[in-house]
Amino acid sequence: MRTVTTTYLPLLLADIREAPALIGLVMMVNSAAGFAMPLLVGRWSDRRHTPRHGRRPFIVVGSLLATCGLSAVALGHGTSFLVLTLAGTLAYVGVNVVMTAHRALVHDCFETDRFASGNGALEVATLAGGLLGLALGGLLTSLALWAPFVLAAIGMPLLAWPTVSRLPVADPGEPERPQPWPFRFYASAMIRPGVRALLAAEILWVIGYAALPVFFILYARRVLGLAPGLASLWLAAFALGAGLAMIAAGFIRNPRRHKPFLALGVALMGVGFLAAGGSTNLVAVSFACGLVAAGFGLLSTLGFSLFAALIPQGEAGGYTALYYSLRAVASALAVPMAGLIIAASGSYRSLFVLGGVATLVSLVPLAFAPSLQAASDLTRRRQ
């Protein structure tokens, strides 16, 4: 549902007014919701010492909010930037409530050496949903640009139901912990050894890719000459390549290999971005984006699995919230920055240059991040 909103909301906005910088500012609602909601939901869902409910209420309420927001986008198409901004905000709030509770289940349900498998499965499932949304949404745009949002509004509660009906709950005997104020908790977590290096790397690589979904359809139309439907299928092929890389990353069981493969993924993504920015040939750009897809798959699976090894028992929601809230902060920087750079340069190709530079720079803090085994040792000593 996030993919449908991020991909097709800019098209509805551009249909009202072609203004890349303004569209980039409007799309900051994604980042704002992605920053605020995880911080609220994460700590709240950790206080789940009622085995009957667990994290279930957050997924139920989030799904309903997302459905209302997506429906409002469809109904409000062609009206104004303000209406679509408010509707998009509601959709993003709901999606982020669901995703925060859902991603915390990786730490709840898997042992340390299985984090890559668990997170890989979650990322593949998320990507498969996005792939389906892109493909069907691209076909529906031939009928109406607002049609993908109707599909997403119907699909959101239906897809949430299997998780809600089988949701794991708190571990028996999980101890009550003193609950510090949220600001103190997050500030303390951010400066922990290992955590700060991974978070710094995450901010940079997210700046690298965050603006791509927002502007890619417009880039494909202006630079590659692709219609929105074809561009959506092209994005679906990218998602498929990333999904294969995620599946492969999930089979990396040796803890010593997680960090090197994560660094490889970052390098592939950065080099691919720069190569794509240097060409307007569809074949060359496709090959370059194949490198980006492979790198993104490795990064998506192994980045959070390495971070999850640093999470103390009973604090999965809070740490998961921190990881994904800072990703939203990076998106908040990346999207308007990309919009301004595109407007200033007059070329959507500058989007890939920004992505390549930011992604490759993230290798510097990543070099100081601990390996999976070292992260587990750090967490055990803290406990």
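Trainee: What share of the 383 residues of the protein count as buried?

Mentor: The share is 55% of the 383 residues, where buried means under 20% relative accessible area, exposed over 50% and partly exposed in between (1.4 Å probe, protein chains only). This is a predicted model, in which local features need pLDDT of at least 70 and side-chain atom pairs count only at pLDDT 80 or more, while totals for chains, interfaces and linings use all residues. Residues are numbered from 1 along each chain as its sequence is written, and side-chain values use heavy atoms, with hydrogens and water left out.

Trainee: How many helices and strands are there in the protein?

Mentor: Helices (H or I, at least four residues) and strands (E, at least two) are DSSP runs, numbered from the N terminus. The protein has 17 helices and zero strands. As for contacts (heavy atoms within 4.5 Å), 84% of those between residues at least 6 apart in sequence join residues at least 24 apart.

Trainee: Which residues touch the most other members of the largest nonpolar core?

Mentor: In soluble globular proteins, nonpolar side chains tend to be buried together. A nonpolar core is a set of buried Ala, Val, Leu, Ile, Met, Phe, Trp, Tyr and Cys residues joined through side-chain atoms within 4.5 Å. Here the largest one has 116 residues, and Phe-149, Trp-205, Phe-215 and Phe-307 touch the most other members. Take Trp-205: beyond its neighbours within four places in sequence, its contacts are Leu-262, Val-266, Met-269, Leu-299, Gly-303, Tyr-323, Ala-358, Thr-359 and Ser-362.

Trainee: Where is Thr-359, and which residues does Thr-359 touch?

Mentor: Thr-359 sits in helix α15 (residues 350-361). Its relative accessibility is 0%, so Thr-359 counts as buried. Not counting residues up to four places away in sequence, Thr-359 touches Leu-204, Trp-205, Gly-208, Val-266, Met-269, Gly-270 and Phe-273.

Trainee: What span should α15 have, and what covers its buried residues?

Mentor: The buried residues of α15 are Ser-350, Leu-351, Phe-352, Leu-354, Gly-355, Gly-356, Ala-358 and Thr-359. Their cover includes α9 (195-209), α10 (212-224), α12 (258-277), α13, α14 and α16 (363-366).

Trainee: Which helix supplies the largest share of the lining of the largest cavity?

Mentor: On a 1 Å grid over the protein atoms alone, a cavity is a set of points where a 1.4 Å probe fits but cannot get out, and lining residues have an atom within 4 Å of a point. Grid points are joined across faces, edges and corners, and a volume is the space filled by probe spheres set on the points. The count is one cavity of 30 Å³ or more, and the largest cavity holds about 40 Å³ of space. Its lining consists of Ile-207, Gly-208, Tyr-209, Ala-211, Leu-212, Phe-273, Leu-351, Phe-352, Leu-354 and Gly-355. The largest share, four residues, comes from α15; α9 and α15 each supply at least two residues.

Trainee: How many aromatic pairs does the count come to?

Mentor: A pair of aromatic rings is described by the distance of the centres and the angle of the planes. Rings of Phe, Tyr and Trp (its six-membered ring) pair if their centres lie within 6.5 Å; planes under 30 degrees apart count as stacked, over 60 as edge-to-face and the rest as tilted. The count comes to 12 aromatic pairs. One of them, Phe-307 with Tyr-323, is tilted, at 4.9 Å centre to centre and 45 degrees between the planes. Phe-307 lies in helix α13 (residues 282-308) and Tyr-323 in helix α14 (residues 316-345), so this pair ties together parts that are 16 residues apart in sequence.

Trainee: Are Phe-307 and Tyr-323 buried or exposed?

Mentor: Phe-307 counts as buried at 0% relative accessibility, and Tyr-323 counts as buried at 6%. Tyr-323 also pairs edge-to-face with Tyr-324, at 5.0 Å centre to centre and 70 degrees between the planes. Tyr-324, at 8% relative accessibility, counts as buried. Ring pairs link Phe-185, Tyr-186, Phe-304, Phe-307, Tyr-319, Tyr-323 and Tyr-324 into a cluster.

Definitions and conventions:
1 Å grid on protein atoms, 1.4 Å probe; cavity = no way out; pocket = protein on both sides within 12 Å on 5 of 7 lines; lining within 4 Å.
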